[in-house]
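Begin with the model itself.

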Amino acid sequence: PTARATREQLVSDWWQAAVEPEHDVVMIAHRRVDVAELNRLARSRMRDEGRLSPDELEIEGRAFAIGDRVIARHNDTRLGVVNGARGKVVDVSLEHHAVSLELDTGARVDLNAPYLEQGWLDHGYALTAHAAQGATVDRAFVLGSDDLYREWGYTALSRHRDEARFYLISPGSAERALASRA
């Protein structure tokens, strides 16, 4: 019934799937502001449930802790990371302003202060459909909005192997919305 309730339900459903370590799950939204909000809610849930270490590296307005799900936003061949690489933070160096990741490929990479200070690392609980393009996950949780279009929907709703759930806020009843399309 409301944007807040929709996001809270989406994050709650994502959490139920995310606690199973053998499942790769992601939330997808159209707008970056929605992605940022979903990432904030997911991190809060991770922290509340004890899945993040207490030590956080805060850099350029972002905080990273051991256990965080992240995505690299820039290629750096010297560091061994490519744009779109997803992984998990496995070590944080407060002294050196650096993090170590275990990528989904199994590789381990160390990201230094210059990479982080450029803002090239972001939380990866939620992504835009464009950032998720090419990824295949077990379950996708997709936030709908009024400004969606067919191609976006195809990209967002084809990222999963097993299940995709679509969440939206309806100004009216489902019956009314369906009846108008007949």
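## Helix α1

The buried residues of α1 are Thr-6, Arg-7, Leu-10, Val-11, Asp-13, Trp-14, Trp-15, Ala-17 and Ala-18. Buried means under 20% relative accessible area, exposed over 50%, and partly exposed in between (1.4 Å probe, protein chains only). Accessible areas come from the Shrake-Rupley method with a 1.4 Å probe, and for residues only the protein chains shown count as cover. Helices (H or I, at least four residues) and strands (E, at least two) are DSSP runs, numbered from the N terminus.

This is a predicted model: local features need pLDDT of at least 70, side-chain atom pairs count only at pLDDT 80 or more, and totals for chains, interfaces and linings use all residues. Residues are numbered from 1 along each chain as its sequence is written, and side-chain values use heavy atoms, with hydrogens and water left out.

α1 has 16 residues. From first C-alpha to last, α1 reaches 22 Å, close to the 22 Å expected at 1.5 Å a residue; the expected span is 1.5 Å times one less than the number of residues. Its buried residues pack against β1, α2, β10 and β11 (160-167). Contact here means heavy atoms within 4.5 Å.

## Nonpolar cores

The largest nonpolar core holds 21 residues. Such a core is a set of buried Ala, Val, Leu, Ile, Met, Phe, Trp, Tyr and Cys residues joined through side-chain atoms within 4.5 Å. Leu-10, Trp-14, Met-27, Leu-38, Tyr-125 and Phe-141 touch the most other members. At least two residues each come from α1 (3-18), β1 (25-29), α2 (32-48) and β10 (137-143). The largest share, 6 residues, is from α1.

What does Trp-14 touch, not counting residues up to four places away in sequence? Its contacts are Val-25, Val-26, Met-27, Ala-42, Met-46, Tyr-125 and Phe-141. Another core, of 18 residues, lies apart from the largest one. Its members include Ile-59, Phe-64, Val-89 and Leu-121.

## Salt bridges

Side chains of opposite charge can pair when their charged atoms come close. The structure holds 17 salt bridges, each a side-chain nitrogen of Lys or Arg within 4 Å of a carboxyl oxygen of Asp or Glu. One of them joins Arg-7 and Asp-34 (2.4 Å, N to O). Arg-7 sits in helix α1 and Asp-34 in helix α2, 27 residues apart, and the pair links distant parts of the chain. Arg-7 is buried at 13% relative accessible area. Asp-34 is buried too, at 5%.

Asp-24 pairs with Arg-86, with the closest N and O atoms 3.2 Å apart. Asp-24 lies in the loop between α1 and β1 and Arg-86 in strand β5 (residues 86-93), so this bridge ties together parts that are 62 residues apart in sequence. Arg-86 is buried at 8% relative accessibility. Asp-122 bridges to Arg-62, the closest N and O atoms being 3.3 Å apart. Asp-122 is in strand β8 (residues 121-123) and Arg-62 in strand β3 (residues 62-65), 60 residues apart. Asp-122 is buried at 19%, while Arg-62 is partly exposed at 25%. Salt bridges that share partners also join Asp-13, Arg-139, Glu-163 and Arg-165 into one network.

## Surface patch

Leu-157, Phe-166 and Leu-168 make a nonpolar surface patch of about 260 Å². Patches are made of residues with over 30% relative accessible area and no salt bridge; like charges are joined within 9 Å, nonpolar side chains (Val, Leu, Ile, Met, Phe, Trp, Tyr) within 5 Å. Leu-168 lies in the loop between β11 and α6 (174-179). At 47% relative accessibility, Leu-168 is partly exposed.
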